[in-house]
Amino acid sequence: MNSGHDLGGQMAFGPVVPEPNEPVFHDDWEKRVLAINVAAGAMGAWTIDEIRHHRESLPPAQYLSSSYYEIWLAALDKVLLKHGFLTSEELLSGKPAPERREPKRVLKGEEVATVLRRGFPYEREAKAPARFAIGDSVRTIVMHPQHHTRLPRYARGKQGVIERVVGCHVFPDTGSQGLPETAQWLYTVVFTGRELWGRDGDPNSTVSIEAWESYLEPA
Amino acid sequence: MSGHHHDHDHHHDNHFTAIEARVKALETLMVEKGYVEPAALDAIVETYETRVGPRNGARVVAKAWTDPAFAERLKADGTAAVAELGYGGRGGEHIVACFNTPEQHNLIVCTLCSCYPWPVLGLPPVWYKSPPYRAKAVIDPRGTLADFGVTLPEGQRIRVWDSTAETRFIVIPMRPAGTEGWSEEKLAEIVTRDSMIGTGLPSLEAQS
């Protein structure tokens, strides 16, 4: 989706302004949003790619004027509604209705350390050999899907070189739509600054993306 | 960017801001409906406030500086090497270490969202998640470094790593001159968070 989140190469945001001695959280509510996001995700009803889609499909004006935890909160509301865990009446009133959806699992306090340490690995067994090898010249496809994708606009239709074959990884474009999980070979693809940005590119810089196999064609 | 709400220091008198009220309502609903456990929420916050942060990454870098065999393992398989120190898991299931060299400086970004190597660097700073950095790093990496007061030697190439998949990157900066004979612990103290993102360099006096 070509939305406010796809920021690579956009201009007029001004300089990066780091905050000296920045705390981990700026307010208590941010801690709670982080924790609810992790614990609700552990119910197993949606994938990381689906909730990313809910963040990205916020109207660009809202996305760009929200802090990141505000974006997370807005997406949490959407995903909880969509999957029937909460109703809009409940979100408005703050009062729970008796009906509820039974979650597949509920993360318990004593499980947190183990679950976080284990994580959710995204590599899967490959069903076919990798199409590309290290050193191959490739071109990214041009597409403008309405759904979630991890091929940023600035890197579409560009020629690059395969630097690393990462493994066979869960494919976000379909998973984000609630379709059954599939996996594809994933590659690190390196582009020159000039290939990406023409005469405005830094001639002594390169940029890499992680690209799934269906994003790439031989070049 | 927003993310700072310092205009409302009224926590003592039950006046919640709109967002505080909204988050409180959501948490209450989630707990009362049995979807999340309060103890789990507290444990998650505690993990990222106190246990998982950039000191983990600094230990990885210091070990790579002092133990060449570890540095080789870290180059070959970042996930397995950081696991030797007990780090890994959520937000860092697949870790790649990007070693700076005199020829190449590495810079990490996530232009599409906020991907960041949680197990070794903790939660990302606000600027990492905000539009200026996400927009500028890929098109103007040298200008981005200038925003951090960093100027690289002429001729040193910049490699920007856009975290578009679940691979997470950590920069291994070059060990500064003047640290010969230092212990791993002492070396870890000069490894700043920003030096592991690529927006800084290890400093003999600074911390971040």
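Q: In this predicted model, in which sense do strand β4 of chain A and β3(B) pair?
A: The strand from chain A covers residues 205-212. Along with β3(B), strand β4 of chain A makes four bridges. The sense of that pairing is parallel.

Q: Which residue of β3(B) does S208(A) stand opposite?
A: Let's stay with β3(B), the strand that pairs with β4 of chain A. Look across from S208(A), and the residue you find in β3(B) is W161(B).

Q: What area do chain B and chain A bury between them?
A: Carbon and sulfur atoms account for 61% of the buried area. In chain B, K33(B), Y35(B) and L112(B) lose the most area to chain A, together 10% of what that side buries. Between them, the two chains bury about 7,700 Å².

Q: How many salt bridges are there between chain B and chain A?
A: Take one pair to start with: K31(A) and E49(B) form a salt bridge, with their closest N and O atoms 3.0 Å apart. That's inside the 4 Å cut-off, so the pair qualifies. Between the two chains, the salt bridge count is eight.

Q: How many residue pairs are in polar contact between chain B and chain A?
A: Here both residues of a pair have to be at pLDDT 80 or more. With that condition, the count of pairs is 39.

Key:
Residues are numbered from 1 along each chain as its sequence is written. Chains are lettered from A and ligands numbered from 1 in the order in which they are written. This is a predicted model: local features need pLDDT of at least 70, side-chain atom pairs count only at pLDDT 80 or more; totals for chains, interfaces and linings use all residues. Side-chain values use heavy atoms; hydrogens and water are left out. Buried area is the accessible area (1.4 Å probe) that two parts lose on being put together, summed over both. A salt bridge is a side-chain nitrogen of Lys or Arg within 4 Å of a carboxyl oxygen of Asp or Glu. A polar contact is a pair of N or O atoms within 3.5 Å; within protein, one must be able to donate a hydrogen and the other to accept it, and residues adjacent in sequence count only if both atoms are side-chain atoms. Two strands pair if DSSP finds at least two bridges between them. Helices (H or I, at least four residues) and strands (E, at least two) are DSSP runs, numbered from the N terminus.
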